Amino acid sequence: MKRGFYIGRFQPYHNGHQSVLEHIAKGVDEIVIGIGSAQFSHLIDNPFTAGERVLMITRALSSLDRPFYVIPIEDIKRNALWVAHVRSMTPPFDLCYSSNPLVVQLFRESGVTVQSPAMYERETHSGTEIRRRMLCNKPWKSLIPDEVVEVIDELNGVGRLLQIAGDD
Ligand code: ATP
Ligand code: MG
């Protein structure tokens, strides 16, 4: 049984994440997905709660042909202890997939094999760009799986983002 680990903040989950996870699914029996910075929500850079992000990912991957586990992981702000913290919260995994330089470094130092998947249309497919589009009423729905658009609409996520970005 080979399990692969993938972590992100998923604010929100988008087609770049989906494309990486579809690639990972081809190389492992099961996937462990960590939702980083799980304690943050209702912030311009972190608008959605961990539970809302669980919903986005679970729905978007409902037809994936591999079992997967979605685990919220709080940010402990201690990089040297972070891998142990992640391991304490997740099912055991054999390798990690990440292109984030810090994540790659921390896992490698802990002796975990890391693979870095290629980026998928990174200019548009980034959480930062999608949040920016939501805030200035530019098209964003084509960058996100349909199931995630539904979750964000159900939550009135754009309304939330606009409200918290406002001045008092
Ligand atoms: P933000 O701009 O908010 O940081 P993000 O798009 O980088 O959002 P994260 O949740 O930070 O998304 O990223 C999770 C993981 O997904 C990271 O390892 C990141 O490198 C990877 N990733 C992000 N965008 C893409 C993409 N377009 N193609 C492939 N991997 C991606
Ligand atoms: Mg990022």
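1. The lining of the largest pocket draws at least two residues from each of β1, α1, α4 (101-109) and α5 (127-135). Among these contributions, α4 gives the largest share, 4 residues. Helices (H or I, at least four residues) and strands (E, at least two) are DSSP runs, numbered from the N terminus. A pocket is found on a 1 Å grid over the protein atoms alone, as an open set of points with protein on both sides within 12 Å along at least five of seven lines, where a 1.4 Å probe fits; lining residues have an atom within 4 Å of a point.

2. This is a predicted model, in which local features need pLDDT of at least 70 and side-chain atom pairs count only at pLDDT 80 or more, while totals for chains, interfaces and linings use all residues. Residues are numbered from 1 along each chain as its sequence is written, chains are lettered from A and ligands numbered from 1 in the order in which they are written, and side-chain values use heavy atoms, with hydrogens and water left out.

3. The largest pocket holds about 850 Å³ of space, where a volume is the space filled by probe spheres set on the grid points, joined across faces, edges and corners. Its lining comprises 36 residues, and Ile7, Gly8, Arg9, Asn100 and Val103 lie nearest the centre. Sorted by class, the lining has 16 nonpolar, 15 polar and 5 charged residues. The classes are nonpolar for Ala, Val, Leu, Ile, Met, Phe, Trp, Tyr, Cys and Pro, charged for Asp, Glu, Lys and Arg, and polar for the others, Gly among them.

4. Strand β1 (residues 3-8) is largely enclosed by the rest of the structure, because 6 of its 6 residues are buried. Buried means under 20% relative accessible area, exposed over 50%, and partly exposed in between (1.4 Å probe, protein chains only). The cover extends to both faces of β1: Arg3, Phe5 and Ile7 are buried on one side, and Gly4, Tyr6 and Gly8 on the other.

5. Strand pairing requires at least two DSSP bridges between two strands. β1 runs parallel to strand β2 (residues 30-35), joined to it by 6 bridges. Within this pairing, Gly4 stands opposite Ile31, and Tyr6 has Ile33 as its bridge partner. β1 also pairs in the parallel sense with strand β4 (residues 95-97), over 3 bridges; there the bridge partner of Gly4 is Leu95.

6. β2 is mostly covered, with 6 of its 6 residues buried. Glu30, Val32 and Gly34 point one way from the strand, Ile31, Ile33 and Ile35 the other way, and all are buried. β2 pairs with strand β3 (residues 68-72) in the parallel sense over 5 bridges. The chain passes from β2 to β3 through helix α2 (residues 50-60), in a right-handed β-α-β crossover.

7. Right-handed means that, with the strands pointing away from the viewer, the path from the first strand over the helix to the second runs clockwise.

8. Rings of Phe, Tyr and Trp (its six-membered ring) pair if their centres lie within 6.5 Å; planes under 30 degrees apart count as stacked, over 60 as edge-to-face and the rest as tilted. The count by this rule is 6 aromatic pairs. One of them joins Trp82 and Phe107 edge-to-face, at 5.6 Å centre to centre with 70° between the planes. Trp82 lies in helix α3 (residues 82-89) and Phe107 in helix α4, 25 residues apart.

9. Phe93 and Phe107 also form an edge-to-face pair, at 6.0 Å centre to centre and 70° between the planes. Phe93 sits in the loop between α3 and β4, 14 residues from Phe107 in helix α4. Phe93 is buried at a relative accessible area of 5%, and Phe107 counts as buried at 0%. Trp82 is likewise buried. Phe5, Trp82, Phe93 and Phe107 form one aromatic cluster.
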